[in-house]
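Okay, thanks for coming, everyone.

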Amino acid sequence: MWLPSYATPAERLMRVLVVAFAAAILLFLIAPIFIIVPLSFSQDPFFTLPVREYSLRWYEDLFGNPRWLDAMLNSALAAVLTTILATTLGTLAALGIARPDFPARRVVMALLISPMIVPVVIVAVGSYLFFGQFGLTNTRAGLVLAHTALATPFVVITVTATLSTYDTNLTRAAHSLGASGASAFFRVTLPMILPGVISGAIFAFATSFDEVVVALFLTAAEQRTLPVQMFSGIRDQINPTIMAAATMLLALSVCLFAALALLTRKRG
Amino acid sequence: MTATPGISPDIGRIRTFVAVRRAARPARRAAFSLALPLVGFLLAAFVAPILYLLVTAVDNPETRSVLPQTLTALEGWDGSSTPEEPVFAALAADLRAAQESSTAALVGKRLNYEIAGMRSKVLAAARMVAAMEAGPYRDTFLEKDGLWAAPETWSVIRRNGAELTPFYLLAAVDLKQSATGGLESVAPDQAIFLAVLGRTLLVAGMVTAFTLILGYPVAWVLTIAPKGVAAVMLLMVLLPLWTSLLVRTTAWVVLLQSDGVINAILMGLHLTSEKVQLIFTRIGTVTAMTHIQLPFTILPIWSVMRSIPATQLRAARSLGAGPVSAFWRIYAPQTLPGVVAGCLMTFILSLGYYITPALVGGPQDQMVSNFISTYINRDLNWGLAAALGVVLLVVTMAIYGLFLRLVGADKIRLG
């Protein structure tokens, strides 16, 4: 299917050029991200390729420096709490939206998706001013609340997508066989939609773990997350420990992405 | 409206409809109650902060709280002459109280937004009043500074007695209230925000155009590639999407540095003999943003292209269309829904960029978001920050509305 038999030579050439162009763009997409990996293993404190001498000194700093360790711990904690909250709220909402009788679906859906759309600075500044009224700025609770709001659209989207392939007759069958509402959900519906729920949870975790702007506004030194620590580092004086941290984040993204790919493969 | 049963088939149908709706009510309620926790949560933790931001943009508490007696005394003022002694006595009393509670700076800073230099003059007056035993105050004030004789000063104070002010919102679009109450442009050296908004729209437009030009061929090749190759290609599109925005921005900071990889490549290829300034430039910002947004444009286009049967192009060709004509007249129009969805999404997301311009851009590449952050953190001018937020929100929501009309919220897919 690469080339139809009736293609003219000019068309063949055109197609080769387009494919070459696409390959170049894909390289442009991937290469810049992976450039940080060799740089993080460099002995030198500057960023030139090829790397002259490899070392683990920046990783030693990353895992030996309490500032970086605390930042990683804070990020993990906020991300886990966000994931639990966002997945619960988002899955429930998706279950409602997927029902045929759901009222005002378009309006509600527009609201539920809007945290993805509203510029994150507006969410950050709004939360900073509003949460300040309740003493929630510079607390982990405030950060988790704001991150949960940002993460729920991903859960709603993935679970709704999974539910569109779910046969609701299965729930009815469970009820007719005597299962209560909760029992039908936990023993029939949930296992069927679990891949979608876990995908949503992975998205929620990544959203919180990677988020910078809201965290910049809502955290003080004690709750400072890894991305905030990286951001302030890049701003002041970019140091190679940031490359090591970025490589760790990249590794985490690749793992989460692989987990997601496995889930969708099973489902499809 | 009263209806007699059986009179008209229309009324009968309406009744059936109403009855069916009523019968479905418990089911609708049950469905909605599942979404209720999230709706409630978002109203409290997401919508309320944004509404609070809107209120902050028009809130005007400083003058009212610090100069209450002055405002009362000004009620009888004619608005065109220097006020009489009672007004000055009231101001003196207010400032004396303000000096004790250290709130003079608050009102000084607020009035300074409208009259340059007002902050130091209010503070000086407060110190002067605190040192005085008793009046008369009018002459002392007038001697201290001619500013207190000007009716404009007093009309600004009186105007700011109002609970709400349009000042910040007007300032966010380079306008201000004139002394007579009409609208006028701010001084040219202060008129920067429309330019910032224009720059934000321009950068978002450029990024959208580049992602379309670069992404459309990629989406097309994804549809014609053999299955295995397409899977690898898709991986290369999705993985960047999964990588933290900060990591991708960091990568560009490193790449674009004057001692960085791109300069090394350019010099290695002898394309340039000296280092090119790439970081802190518009080119760098747009390149990094295009890189980050490409997957958002590619994926919707690809998902539409996938659904176009390959036989259509063959049919067009067999009916005599040339390759160019077949593409433009048969294929391209059908991909339009994907193009619209991808471009609108990229445009919306590009409008709100903060991290990338902050780290990769120069002072001339800072977008509305960056100014909002600066006014909150550095200048502590929350009203102006909130007003700029309102402007950004209005523009974004207008385009989101367009997206909802043309594409729909339920069409958003994640990979």
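This is a predicted model: local features need pLDDT of at least 70, side-chain atom pairs count only at pLDDT 80 or more; totals for chains, interfaces and linings use all residues.

For the complex, the predictor reports an ipTM of 0.90 and a pTM of 0.89. Chain B has a mean pLDDT of 89, with 98% of its residues at 70 or more.

What is it built from, helices or strands? Chain A has 12 helices and zero strands, so its radius of gyration is the next thing to look at: at 23 Å, that is well over the 18 Å the globule rule gives for 268 residues, so chain A is more spread out than a compact globule. Along the principal axes, its C-alpha trace spans about 70 × 70 × 30 Å.

Now, the interface. Chain A puts 82 residues into the contact and chain B puts in 78. On the chain A side, helix α1 of chain A, residues 9–34, gives the largest share, with 12 residues. By type, that side of chain A divides into 67 nonpolar residues, 10 polar and five charged.

Let me zoom in on one helix pair. In general, you describe two packed helices by the angle between their axes and the distance between the axes. Which residues make the contact? From α6(A), they include A:Ile122, A:Val125, A:Leu129 and A:Phe130. From α1(B), B:Phe46, B:Ile50, B:Tyr52 and B:Leu53 are among them. The residues of this contact divide into 11 nonpolar, three polar and no charged.

UniProt, in an unreviewed entry, lists "domain: ABC transmembrane type-1" at residues 197–403 of chain B. In the model, that span is 80% helix and 0% strand, and its end C-alpha atoms lie 20 Å apart. The unreviewed entry also lists transmembrane regions in chain B, including residues 228–245 and 283–303. How do those two look in the model? Residues 228–245 of chain B are 89% helix and 0% strand, with the end C-alpha atoms 28 Å apart. Residues 283–303 of chain B are 100% helix and 0% strand, and there the end C-alpha atoms lie 30 Å apart.

That's me done, happy to take questions.

Notes. Residues are numbered from 1 along each chain as its sequence is written. Chains are lettered from A and ligands numbered from 1 in the order in which they are written. Two residues are in contact if their C-beta atoms, placed from the backbone, lie within 7 Å. Helices (H or I, at least four residues) and strands (E, at least two) are DSSP runs, numbered from the N terminus. Ala, Val, Leu, Ile, Met, Phe, Trp, Tyr, Cys and Pro count as nonpolar, Asp, Glu, Lys and Arg as charged, and the others, Gly among them, as polar. pLDDT is the predictor's confidence in each residue, from 0 to 100. UniProt positions are given in the numbering used here, feature names are shortened, and annotations may be inferred rather than shown by experiment. The radius of gyration is taken over C-alpha atoms; the globule rule is 2.2 Å times the number of residues to the power 0.38.
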